[in-house]
Amino acid sequence: MPVDKPILVMGAGGHFGRFIAPQLIKRGATVRGMVHHDQAEAIARSTGVKDIARADLRDESAVRRALNGVGGVFYIPPKFLPDEAEIGVRFVQLAAEAGVDRFVLSGVMYPFITDMRNHRSKLPVELALVKSGMDFTILQPTNIMQSTGAFFWDRVLETGEYVEPWAQDKKSCYVDYRDVAEVAAKALTEDGLQNGTFELTAAGTISRNDIVAMMSEALGRTITTRTMRIADWNAQNMPSDPPFLREAFIDIDLFYSRYGFPGGNDLVLRTILGREPRTMRDYIRELATTSAGI
Ligand SMILES: NC(=O)c1ccc[n+]([C@@H]2O[C@H](COP(=O)([O-])OP(=O)(O)OC[C@H]3O[C@@H](n4cnc5c(N)ncnc54)[C@H](OP(=O)(O)O)[C@@H]3O)[C@@H](O)[C@H]2O)c1
């Protein structure tokens, strides 16, 4: 697709969405960043976005204004909302009505694991996109390495512990969102990735025991882990959040503590990137030597 029309990056100031615009700008695209508050606007601007559309996803007229005149859209659903599916389906419909040519959805690997609500809420959005008439690319990232940096790293440095509620010996696969961002940008600016669904993971699976060993090696001091009861975790981390959020974490704990998050076949990501995907070991080494921003 010629990159003559602007591309709307929804979530351009979010934990993961912030990595998309720089990849698009590098490829010569004009980017409009969609954000819903001041802090996100500042982050989006710091990544090079000049055209900002302020829009809450539940405000249809603001979303229509954000979509006006764009040729491509990147969408990453806000997490753990009871109406995540409805918001996403409506966003897809509004993009189609606005005449968007190409739509990239950043969803999740295995949306069919319906016993986890953060997975099953992605399915209706995928379906709406397939029905939409737009050229679609559905990216299905596995666990995102940047979650460790965004949500846990400061506490790891402060306490010397990496604590989660799910079993520390179960193995899961991971992806660096900067690799996902590269794929998203290719899908929006080049031909070859439209009308496809792609699972994105680095190779292999690792446990939290493995991750703390990587952290210890990178930091040169011992980092330990333990498994906190989910009830204690929810009470400590989400005491006043709505029940839906705590229930979502119980879903995740039940699945991850029993199965981990199997997978780790990197064929698709390696093929699209034309290089080896970044690994968790690389990511943790970078975290240990860089203050922020990865
Ligand atoms: N964490 C993982 O390992 C992982 C793995 C695979 C898939 N995912 C999926 O990745 C997605 C994003 O995760 P996340 O932690 O970045 O979620 P998030 O913090 O909820 O944010 C997603 C984006 O939506 C924006 N947003 C939130 N509410 C909005 C609203 N009402 N109107 C407009 N924009 C709004 C956020 O902006 P602000 O940040 O500025 O509020 C952010 O840019 C989720 O759907 C999650 O299920 C996560």
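Okay, hi everyone. Before we start, keep in mind that this is a predicted model.

Let's begin with the ligand. How many residues surround it? There are 22, and the closest are His36, His37, Pro77, Lys122 and Ile144.

Now some individual contacts. Proline 77 uses its backbone here: an N or O atom of that backbone is 2.7 Å from a ligand oxygen. With lysine 79, we're looking at the side chain, where a polar atom sits 2.8 Å from an oxygen of the ligand. Serine 147 also brings in a polar side-chain atom, 3.0 Å from a ligand nitrogen. And how much of the ligand does the protein bury? On its own the ligand would expose 890 Å², and 85% of that is buried by the protein.

Let me pick one of them, phenylalanine 91 with phenylalanine 103. Their centres are 6.0 Å apart, and the planes make an angle of 70°, which means the pair is edge-to-face, since anything over 60 degrees goes in that class. So what does the pair tie together? Phenylalanine 91 belongs to helix H4, residues 84-97, while phenylalanine 103 belongs to strand S5, residues 102-106, so the pair links parts twelve residues apart in sequence. Are these two buried or exposed? Phenylalanine 91 has 2% relative accessibility, so it counts as buried. Phenylalanine 103 is at 0%, so that one is buried as well.

There's also an aromatic cluster, made of Phe80, Tyr110, Phe112, Trp166, Phe249, Tyr256 and Phe261. I'd like you to look at two of its members, Phe80 and Tyr110.

Phenylalanine 80 is in the loop between strand S4, residues 72-75, and H4. Its phi is near 55°, a positive value in a residue that isn't glycine. Its relative accessible area is 15%, and the cut-off for buried is under 20%, so phenylalanine 80 is buried.

Tyrosine 110 is in the loop between S5 and helix H5, residues 117-120. Phi for tyrosine 110 is near 60°, again positive without being a glycine. Tyrosine 110 has a relative accessible area of 15%, so it is buried.

Technical notes:
Residues are numbered from 1 along each chain as its sequence is written. This is a predicted model: local features need pLDDT of at least 70, side-chain atom pairs count only at pLDDT 80 or more; totals for chains, interfaces and linings use all residues. Side-chain values use heavy atoms; hydrogens and water are left out. A residue is near a molecule or strand if one of its heavy atoms lies within 4 Å of it. A polar contact is a pair of N or O atoms within 3.5 Å; within protein, one must be able to donate a hydrogen and the other to accept it, and residues adjacent in sequence count only if both atoms are side-chain atoms. Accessible areas come from the Shrake-Rupley method with a 1.4 Å probe; for residues, only the protein chains shown count as cover. Rings of Phe, Tyr and Trp (its six-membered ring) pair if their centres lie within 6.5 Å; planes under 30 degrees apart count as stacked, over 60 as edge-to-face and the rest as tilted. Helices (H or I, at least four residues) and strands (E, at least two) are DSSP runs, numbered from the N terminus. Buried means under 20% relative accessible area, exposed over 50%, partly exposed in between (1.4 Å probe, protein chains only).
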